[in-house]
Amino acid sequence: MAIFNNSDSTHKSTKPDTNTTIITAGSKIKGEMNLACDLYVDGEFEGVIHSNKEVNIGKNGHIKGDVSTKRLVVQGYIEGSIHAARVEIKANGRVNGSIESSELVIEAKGIFEGNSTVIDATKAPTILPADTIVKNIEKEEIKS
């Protein structure tokens, strides 16, 4: 059984940004999803997912395809391309593919096989050669 929740419809007692679409264990779905709400996958999904919120792959979850989201939490298995601001691979979570993200967190026993590209990161500081550092220190000592 899969549960789909349309976050575009507003109910007086429910805010649209608190909705979650759930793909339950035992479900197999193929296609493309464009979401303005959270997604929780504990079944199988093959295709493309675009979400403005969070995608969470449960322990039984398996995604094969491309995922573009604000935050991805992997407790199950995903194979494909990931584009997210933050990716978290939890213990026993597994990613096989490519990740483009600003932040990548891999917990102990989490597995990542593939390529990772850091986006929107500030430039790493330049490492000066040792002789330049010594010269700078000597100049400061002379000034003192």
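The model is predicted.

The protein chain contains one helix and 10 strands. Of the 144 residues in the chain, 29% are buried. The accessible surface amounts to about 9,100 Å², and carbon and sulfur atoms account for 51% of that surface.

The interior may be considered next. In soluble globular proteins, nonpolar side chains tend to be buried together. Here, the largest nonpolar core has 22 residues, and the members that touch the most others are L39, I63, L72, I78 and I82. At least two residues of this core come from each of the strands β3 (28–35), β4 (38–41), β5 (44–51), β6 (54–57), β7 (62–74), β8 (77–89) and β9 (94–106). Strand β8 supplies the largest share, five residues. I63 illustrates how such a core member is surrounded. Apart from its neighbours within four places in sequence, I63 is in contact with V41, F45, I49, V55, I57, Y77, I78 and E79.

S51 belongs to strand β5. Its relative accessibility is 6%, so S51 counts as buried, the cut-off being under 20%. The side chain of S51 has polar partners in the backbone. One of its polar atoms lies 3.1 Å from the backbone oxygen of C37, and a polar atom of the S51 side chain also lies 3.1 Å from the backbone nitrogen of K53. When neighbours within four places in sequence are left aside, the contacts of S51 are L35, C37, S68, T69 and K70.

The charged side chains complete the description. Side chains of opposite charge can pair when their charged atoms come close. In this model, seven salt bridges are counted. One of them joins E88 and R71, whose closest N and O atoms are 2.7 Å apart. This pair links distant parts of the chain, since E88 is in strand β8 and R71 in strand β7, 17 residues apart. How exposed or buried are the two partners? E88 is buried, with a relative accessible area of 6%, whereas R71 is partly exposed at 29%.

E88 also meets R86 in a salt bridge, with an N to O distance of 2.7 Å. R86, at 25% relative accessibility, counts as partly exposed. The side chain of R86 forms a salt bridge with E103 as well, at 2.4 Å from N to O. R86 in strand β8 and E103 in strand β9 are 17 residues apart, and this pair too links distant parts of the chain. E103 is partly exposed, at 39% relative accessibility.

Terms used
Residues are numbered from 1 along each chain as its sequence is written. This is a predicted model: local features need pLDDT of at least 70, side-chain atom pairs count only at pLDDT 80 or more; totals for chains, interfaces and linings use all residues. Side-chain values use heavy atoms; hydrogens and water are left out. Helices (H or I, at least four residues) and strands (E, at least two) are DSSP runs, numbered from the N terminus. Buried means under 20% relative accessible area, exposed over 50%, partly exposed in between (1.4 Å probe, protein chains only). Accessible areas come from the Shrake-Rupley method with a 1.4 Å probe; for residues, only the protein chains shown count as cover. A nonpolar core is a set of buried Ala, Val, Leu, Ile, Met, Phe, Trp, Tyr and Cys residues joined through side-chain atoms within 4.5 Å. Contact means heavy atoms within 4.5 Å. A polar contact is a pair of N or O atoms within 3.5 Å; within protein, one must be able to donate a hydrogen and the other to accept it, and residues adjacent in sequence count only if both atoms are side-chain atoms. A salt bridge is a side-chain nitrogen of Lys or Arg within 4 Å of a carboxyl oxygen of Asp or Glu.
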